Amino acid sequence: MSLEQNYSASEAQLTQTRFKLNHWKSRIMNRRYQAKKTQQQLKRRTEQLQRVKSKLKKAKQQLLKAKDGKDVANLSSKVDKYVQQLRKAKLQRRTLSKKIQGLEKQSSASQITGSNLAKRLVESKQRISELEEENTILRDRLAQDDELINTKIDGKTYSADVREVVQFCITKEVSLKNIAPVMKECVEKLTSKTIGPLPDARTCSRITREMRELSRLQIVETLTKEENTTLKYDGTTKSKTHYNEVQVATKSITFTLGVTEMSGGKASDYFNSIDQTINDLGECSRLLMGMQGAVFFLNQHIDNFFTRVAKPSNSLHTAVFNDLKIVPYLTGCRALGILGKYLTGPWMRFVEKDGNILDSNSFFEQAVQSLKEWSQNPEILISGSAVLSEATSTTDDEVLAKLLEESPTDKDVCALLKSLCEAILADCERQLEDQLPGGRFSNPNLRLQEEASSCCNNNISGERVFGQLDHALKRAPNASTAFIESKIMYANNQTHDWMEDKAGNDRENVYAKVRKVAKESAKIDHLRHAQIRSEKLAQLKQKETEMKQCEERKRIMNENLIVNVGKYGGLWTSEDIMERNLQGLSEKQAVAAVKANISLRKKVLEQKADPVLFCFSSNKQQHSLNKLKENVMRLMEKPNEEKKHLQMLMNNNSLIIGRSISHKLTTENNGAVSNVWWKGQVVGKVEEEFQIEYFGAGDNEKTIYLTFDELAADICSGDLIVSWDDN
């Protein structure tokens, strides 16, 4: 029993004792008064008795002396009357005597009881004095407790209230290390009380993990009561890392089940990610078109700003300013802007509405029909009479008016609109096949509509999750995926509100379960992170192997090209050299020779020129020999400055003799293969091979012999660097 309870019990006992004492004192005083009153009555009765006796004696004496019969009769009557009065007085005296005796006994007993009560009263006063002293100490402690806000339920576990405040701070982007100082400052400033110990950053991190487990409990609890639900997922890549988000929609709410990292973007990776997320429970074209329309509308304003107000101050300003002077660029902006007004804008406004996906069948049908009409007659769009669907409308504003103004580029805009509408139409017919007339969902019955009641018109909820993911990664690049996933799930699923609806004991019980689950979940996260890292390393090694194989194939191809070109007099640098090397060749051989020179320039020399010049055909028709020769001559006019030395060597390979080189060679030491750069010099030519001496190499590797084709292939791949600064 606490001191406060003990004090209250003694206070009650004291009050009861005082009441009894006063009661008995009152009774004693009352009985004494009654006894005194009775004694007075007894005295009066005794005096009355004496008077009656005196009268009776006098009457008897008179009766003896009386001789007259009338006097005798009167006196006899008086005697009888006095006798009766005497008897009555004696009886009353006896009654009063007994009453006095009784009152005297009761008074004696009350005095004894009062004495006992007085003794108990003294004892109670001593006890109360002790309790009052203890109570003073207790009151001081209680006053201190009133000034301290307790944050733990058992001396070591933070309460549900503290955990919820921490989680709220996390959802509001308060950093982990600042949560405790923020809580402390707010509470003590606003309540003038002292708050108990608060969680540090490490503990807040653990509480963050609990947010995910709370959301999972919430999802399981809610979905067990739902019948028709829709599973949704989407993927994205952030900083070369693949992510997948999984959601499940009911009629009233869309839950985020998880955001997980994947080792790749293959179908199997998505399947494993979705399966993992489900198991964990058990245990942008519209923006582009709108922006281009805005660029077209603001074209003159932007030009005036950079011309009259402020000159371009950086590369972006310069690029924008220059682009606005390019007519084809503005034509493209206008076409995209018109589609933004008549197609993507109305489309997105429609699908953003809440509703059953099957209720959109008529809209999709009308939209596809409109695209067919626009593809055949794009003038409808620039005339301002285009309508996507009966269920949508176009925003009529000054931007649209500017886009629809008559312009010399109308013909080009129509051609571009036609191509865009045809491409969009093809995608719509492919993706909406099931909901267009004749598709399996084109005429849904009531049962199918009920089953699809949780399937919405868009994937905006998924894109919103990726927006949150992108924000979280930019704000905290080193945060783990599990940490970010916890924040997103807790916020999107409104888990805070779900917990608020629970009673105090239920909340503590839920957090007790979550703390246990979160520990196991953390172990699973570490294992998955290690597995993903292992898979990524394996993929990197595989890519490295594939790149080496590709480089080797390219090297061999380049070497073969150099050998092939060598058959036809090497690299041609003029028309005379080309004609001289084509003499005596059949047309077929001449075509092969010209193609070899073109391929060498494209693949080995990596010459920069119009891509058409490197093609051997057009519209599925092979180029003639004259056309190929014409292309080669045009390529001769634009030599590749970056590889001019290689072109020199192709024409005269003896120029490499005497040059210092750096050569990457593959060596093997105790089974370990490595690439090492060796310094050396091409000292001469022996028959068809060049002699190379390496500095600092072993005795057995001091000199090697390579053909020019091998040297040229290594130069192309970057494994051989020739110094051209030697005298």
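A residue is taken as buried when its relative accessible area is under 20%. In this predicted model, R216 has a relative accessibility of 8%, so R216 counts as buried. The same cut-off applies to the other residues described as buried below.

The protein chain has 727 residues, and 36% of them count as buried. Its secondary structure comprises 24 helices and 12 strands. The accessible surface amounts to about 44,300 Å². Carbon and sulfur atoms account for 50% of that surface.

Salt bridges in the model number 33. One of them joins the side chains of E213 and R216, at 3.3 Å from N to O. Both residues lie in helix α5, 3 residues apart, so about one helical turn separates them. E213 has a relative accessibility of 4% and therefore counts as buried, and R216, at 8%, is buried as well.

A salt bridge also links the side chains of E485 and R212, with an N to O distance of 2.8 Å. E485 is buried, because its relative accessible area is 4%. R212 is likewise buried, because its relative accessibility is 1%.

E405 has a relative accessible area of 42%, so E405 is partly exposed. K402 is also partly exposed, because its relative accessible area is 31%.

Positive charge gathers on the surface in a patch formed by K156, R202, R206 and K519. Of these residues, R202 is placed in helix α5, which spans residues 201-223. R202 counts as exposed, because its relative accessibility is 65%.

With a relative accessibility of 14%, K629 falls under the 20% limit and so counts as buried. What does K629 touch, leaving aside its neighbours within four places in sequence? The contacts are with M578, E579, L582 and V594.

Backbone geometry was examined next. Most residues other than glycine have a negative phi. E173 has a positive phi, near 65°, and is not a glycine. E173 sits in the loop between α3 (160-171) and α4 (176-191). Its relative accessibility is 27%, so E173 counts as partly exposed.

N619 also has a positive phi, of about 55°, although N619 is not a glycine. The residue is found in the loop between β6 (617-618) and β7 (621-622). Is N619 buried or exposed? N619 is exposed, because its relative accessible area is 73%.

Conventions: Residues are numbered from 1 along each chain as its sequence is written. This is a predicted model: local features need pLDDT of at least 70, side-chain atom pairs count only at pLDDT 80 or more; totals for chains, interfaces and linings use all residues. Side-chain values use heavy atoms; hydrogens and water are left out. Buried means under 20% relative accessible area, exposed over 50%, partly exposed in between (1.4 Å probe, protein chains only). Contact means heavy atoms within 4.5 Å. Patches are made of residues with over 30% relative accessible area and no salt bridge: like charges are joined within 9 Å, nonpolar side chains (Val, Leu, Ile, Met, Phe, Trp, Tyr) within 5 Å. Accessible areas come from the Shrake-Rupley method with a 1.4 Å probe; for residues, only the protein chains shown count as cover. A salt bridge is a side-chain nitrogen of Lys or Arg within 4 Å of a carboxyl oxygen of Asp or Glu. Lys and Arg count as positive and Asp and Glu as negative; His and the chain ends are not counted. The place of a charge is taken as NZ of Lys, CZ of Arg, CG of Asp or CD of Glu. Helices (H or I, at least four residues) and strands (E, at least two) are DSSP runs, numbered from the N terminus.
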